[in-house]
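Hi everyone, thanks for coming. Let me put the structure up on the screen, and then we can walk through it together.

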Amino acid sequence: MPSLPEFTPEARRLHRKTSAAYFINSALIVIRLAMVVFDPAFARCNLACNGTPPGLRMLRAPSEKVAAAREELERHMSTDQRTLEMQYAYSASKQGLLKPLRGSRYFPACYSLMEAVERAFAIESCDRDRLQAMVRCYKAGQQLRLHIDDTAMFEGSVLSVILRCDGHKDGLVLRPQGVPPSCETCFAVDEEPGVALCLEGSSRYDFGHEVPPVTAPRLSLTWRWFRAAYMQRLSPHMR
Ligand SMILES: O=C(O)CCC(=O)C(=O)O
C-alpha cells in the first residue's frame, strides 16, 4: 500500500487554520441557537407581552353558562374526538357543499352561551341560519396552526369562548402572518375558562391566530357567520 504523503509545514498550518475556523463557526452556531431558545424576549412571547391587537375585544362569559356548555359538550364528545361542528360542516363548505349539522336543539347550553356572548359584545348581525360553530378539544401536545378564518367564506366577527384550559400559559396566540414571532408582534391570550374573544378589524384580518402545543386539556368553542352570497353558491349536500 502506498504511504500517505507527509504533510508539509504549509499544509499543517492550513489544516490548523481550517480546524480553528470550523470550531469557531460551530461554537457560533451553538451560541446563536442558545440565544434564540433562551432569549427572554422570545420566552416572553408566550405571555401576553404587548398590547392587544387592534380589533380584539375580550370579556368574561357568565360562569354558569360556561359550565353548562362544557358539560353538554363533554357529554356529546367521545374521548378521542378533536372537533365537533354545529349547524353546518366547515370542510363540506370548502368543497362547495352545504351540509347541515345538529344545532340549537341538540346543544341548547352552547347556544345559550353563544347568545349571551353575542349580546355582551353587542354583535348586530348574528343571523342564526348562517352560523357555523366549531368546538376544538386539545390534549397535551396538540395544537392548531396559525391561520386567518376564511374571509371569502365568513363575514364579520369571529367569536370564541374558552371552556377549559388546564395548562398554565397554554392558549390562543395572535400574530401577524408571515412575520417571525417576536415580542413586538405576538399577543398571547391570558386564558381561563369563560374568557370570551371577539376578533374584528386588524385582529381578524391581519393577525393570524394559533394554539401552540398545549400542555394539558383545552376546550374551545368558536363561531362565525357565512357570507350570504357564499352560502347561496353552495350545493345541498346529499347523504
Ligand atoms: O381553539 C381555539 O381557540 C381556536 C379555534 C380556531 O381558531 C378555529 O376553529 O378556527
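I'll take the sheets, then the helices, then the ligand site.

Two quick notes before we start. This is a predicted model, so to speak with its own rules: local features need pLDDT of at least 70, side-chain atom pairs count only at pLDDT 80 or more, and totals for chains, interfaces and linings use all residues. Residues are numbered from 1 along each chain as its sequence is written.

Helices (H or I, at least four residues) and strands (E, at least two) are DSSP runs, numbered from the N terminus. Two strands pair if DSSP finds at least two bridges between them.

Let's begin with the six-stranded sheet. The order is S1-S9-S6-S11-S4-S2, the sheet is open, and the pairing is antiparallel. At its edges sit S1 (56-60) and S2 (83-86), each pairing on one side only. From one strand to the next, the twist averages 15 degrees; here, axes are lines fitted to C-alpha atoms, for helices over the stretch in contact, and angles run from 0 to 180 degrees between N-to-C directions.

Inside that sheet, eight bridges link S6 (residues 154-165) with S11, in the antiparallel sense. Leucine 159 stands opposite tryptophan 223 of S11.

Now the helices. H3 (residues 63-76) packs on this sheet and touches S2, S4, S6 and S11, with its direction at about 85 degrees to that of S6. Contact means that the C-beta atoms of two residues, placed from the backbone, lie within 7 Å. H5 (residues 108-120) lies across S1, S2, S6, S9 (195-199) and S11, and runs at about 120 degrees to S6.

On to the other sheet, with four strands: open, antiparallel, in the order S5-S10-S7-S8. Its edge strands are S5 (144-147) and S8. S7 (residues 173-176) has two bridges to S8 (residues 187-188) and four to S10 (residues 207-211). Leucine 174 has histidine 209 as its partner in S10.

So which residues surround the ligand? They are Met134, Arg136, Leu144, Asp149, Ser160, Leu172, His209, Val211, Ser220 and Thr222, where near means a C-beta atom, placed from the backbone, within 6 Å. S4 (131-138), S10 and S11 (218-226) each supply at least two residues of this shell.
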